[in-house]
Amino acid sequence: MEGVFGVLKKDYGFRRFLTREKQSVKVEFMLLCFGYKLNKLHKSIQTQSLGVTLYKNSIS
């Protein structure tokens, strides 16, 4: 999880929340998470690695 925060801070330039209320901070954080996941999906689509398994499931 710390890797995600590092990406948000370094790549997205996120340093502090713009809002102060608990509910508003929650919404702002969810928007950041949504943007992060959307960016990951876009990268997967662009590199055509969507749907490719990284390892074979050995559980029978």
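Visitor: Which are the buried residues of α2?

Guide: They are Glu-28, Leu-32 and Tyr-36. Bear in mind that this is a predicted model. What covers these buried residues includes α1, residues 2–10. In the whole chain there are 2 helices and 0 strands, and buried residues make up 8% of its 60 residues.

Visitor: Why is Glu-28 called buried?

Guide: The relative accessibility of Glu-28 is 15%. Buried means under 20%, so Glu-28 counts as buried.

Visitor: What does Glu-28 touch, not counting residues up to four places away in sequence?

Guide: Glu-28, which lies in helix α2, touches Phe-14, Arg-16, Phe-17, Leu-18 and Thr-19. With Phe-17, the separation is 11 residues in sequence and 7.3 Å in space, taken from C-alpha to C-alpha.

Visitor: What makes Phe-14 and Phe-17 an aromatic pair, and why is the pair called edge-to-face?

Guide: Their rings are 5.1 Å apart, centre to centre, and rings pair if their centres lie within 6.5 Å. The planes stand at 75° to each other, and over 60 degrees counts as edge-to-face. The structure holds 1 aromatic pair.

Visitor: Why does Phe-14 count as buried, and why does Phe-17 count as partly exposed?

Guide: Phe-14 has 17% relative accessibility, so it counts as buried, the limit being under 20%. Phe-17 has 25%. Partly exposed lies between that limit and the exposed class, which is over 50%, so Phe-17 counts as partly exposed.

Visitor: Where is Tyr-12, and why is Tyr-12 called partly exposed?

Guide: Tyr-12 is in the loop between α1 and α2. Its relative accessibility is 34%. Buried would need under 20% and exposed over 50%, so Tyr-12 counts as partly exposed.

Visitor: How do you know which residues Tyr-12 touches?

Guide: Contact means heavy atoms within 4.5 Å. Leaving aside residues up to four places away in sequence, Tyr-12 touches Val-7, Leu-32, Gly-35, Tyr-36 and Asn-39.

Visitor: What makes the span of α2 close to the expected one?

Guide: Helix α2 has 25 residues and reaches 36 Å from its first C-alpha to its last. At 1.5 Å a residue, the expected span is 36 Å, and the two values are close. After α2 comes Gln-48, whose phi is positive, near 55°.

Visitor: Which residues make the nonpolar surface patch?

Guide: Phe-34, Leu-38, Leu-41 and Ile-45 make it, with an area of about 390 Å². The chain exposes about 5900 Å², and carbon and sulfur atoms supply 60% of that.

Technical notes: Residues are numbered from 1 along each chain as its sequence is written. This is a predicted model: local features need pLDDT of at least 70, side-chain atom pairs count only at pLDDT 80 or more; totals for chains, interfaces and linings use all residues. Side-chain values use heavy atoms; hydrogens and water are left out. Helices (H or I, at least four residues) and strands (E, at least two) are DSSP runs, numbered from the N terminus. Buried means under 20% relative accessible area, exposed over 50%, partly exposed in between (1.4 Å probe, protein chains only). Accessible areas come from the Shrake-Rupley method with a 1.4 Å probe; for residues, only the protein chains shown count as cover. Patches are made of residues with over 30% relative accessible area and no salt bridge: like charges are joined within 9 Å, nonpolar side chains (Val, Leu, Ile, Met, Phe, Trp, Tyr) within 5 Å. A salt bridge is a side-chain nitrogen of Lys or Arg within 4 Å of a carboxyl oxygen of Asp or Glu. The expected span of a helix is 1.5 Å times one less than its number of residues. Rings of Phe, Tyr and Trp (its six-membered ring) pair if their centres lie within 6.5 Å; planes under 30 degrees apart count as stacked, over 60 as edge-to-face and the rest as tilted.
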